[in-house]
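I opened this entry to record what I looked up in the model.

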Amino acid sequence: MGFVQRFLKERLRENLYEWAKLKESKIREWVESGQINPVEPSYLLYMIWASTQHYADFDYQICLLNDDKPLNDMQFEKAVQSVTSVILRGIGLTV
């Protein structure tokens, strides 16, 4: 493993790991208190990350499928609302 990989692994372990465990703990509290539907906290976080990261990493495909144009402000807002709605409804909340 090279220097960059070791450095990133250490930084992620220090920052991301602790952050994610804190968020998972909070989600678990919500599940246990009945505030949201039962869900595995880590999978919920992965789903949120995957949904949002797609728009950043696959901009070319999104443009291609949008008649070779980037999403305009209204389309982007609709995408935000759609992702938000699907995730919140999936855990038993409303927008």
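**Helix naming.** Helices here are DSSP runs of H or I with at least four residues, numbered from the N terminus. I kept in mind throughout that this is a predicted model.

**Ring pairs.** I asked how many aromatic pairs there are. The count comes to three. I took Y43 and Y46 to begin with: their ring centres are 6.1 Å apart and their planes stand at 50 degrees, so I logged the pair as tilted. The angle matters because planes under 30 degrees apart count as stacked and those over 60 as edge-to-face, with the rest called tilted. Both Y43 and Y46 sit in helix α2, residues 41-57, with a spacing of three residues, about one turn of the helix.

I then checked accessibility for the two tyrosines. Y43 is exposed because its relative accessible area is 55%, and the cut-off for exposed is over 50%. Y46 has 46% and is therefore partly exposed.

Y46 also forms a tilted aromatic pair with W49, at 6.0 Å centre to centre and 40 degrees between the planes. Y46 and W49 again share helix α2 and are three residues apart, about one turn of the helix. W49 is partly exposed, with a relative accessible area of 33%. Stepping back, I noted that ring pairs link W19, Y43, Y46 and W49 into a cluster.

**Salt bridges.** How many salt bridges does a search of the whole structure find? It finds two.

The E24 bridge goes to K21, with the closest N and O atoms 3.2 Å apart. Both residues belong to helix α1, residues 3-32, and are three residues apart, about one turn of the helix.

K26 is partly exposed with a relative accessible area of 37%, and E29 is partly exposed at 41% relative accessibility.

**Largest pocket.** I read off about 190 Å³ of space for the largest pocket. Which elements give two or more residues to its lining? They are α2 and α4. I found that α4 gives the most, with seven residues. The lining consists of I48, S51, T52, Y55, F76, A79, V80, V83, T84, I87 and L88.

**N66.** Last, I looked at a loop residue. N66 is in the loop between α3 (59-65) and α4 (73-90). Is N66 buried or exposed? N66 counts as buried because its relative accessibility is 17%, and buried means under 20%.

I then looked for what surrounds N66. A polar atom of the N66 side chain lies 3.0 Å from the backbone oxygen of K69. With neighbours within four places in sequence left aside, N66 is in contact with L71 and Q75.

Definitions and conventions: Residues numbered from 1 in each chain as written. Predicted model: local features only at pLDDT ≥ 70, side-chain atom pairs only at ≥ 80, totals over all residues. Heavy atoms only, no water. Buried < 20%, exposed > 50% of the residue type's maximum accessible area, 1.4 Å probe, protein only. Polar contact = N/O pair within 3.5 Å; in protein donor to acceptor, adjacent residues only side chain to side chain. Contact = heavy atoms within 4.5 Å. Salt bridge = Lys/Arg side-chain N within 4 Å of Asp/Glu carboxyl O. Phe/Tyr/Trp six-rings, centres within 6.5 Å; stacked < 30°, edge-to-face > 60°. 1 Å grid on protein atoms, 1.4 Å probe; cavity = no way out; pocket = protein on both sides within 12 Å on 5 of 7 lines; lining within 4 Å. Points joined across faces, edges and corners; volume = space filled by probe spheres on them.
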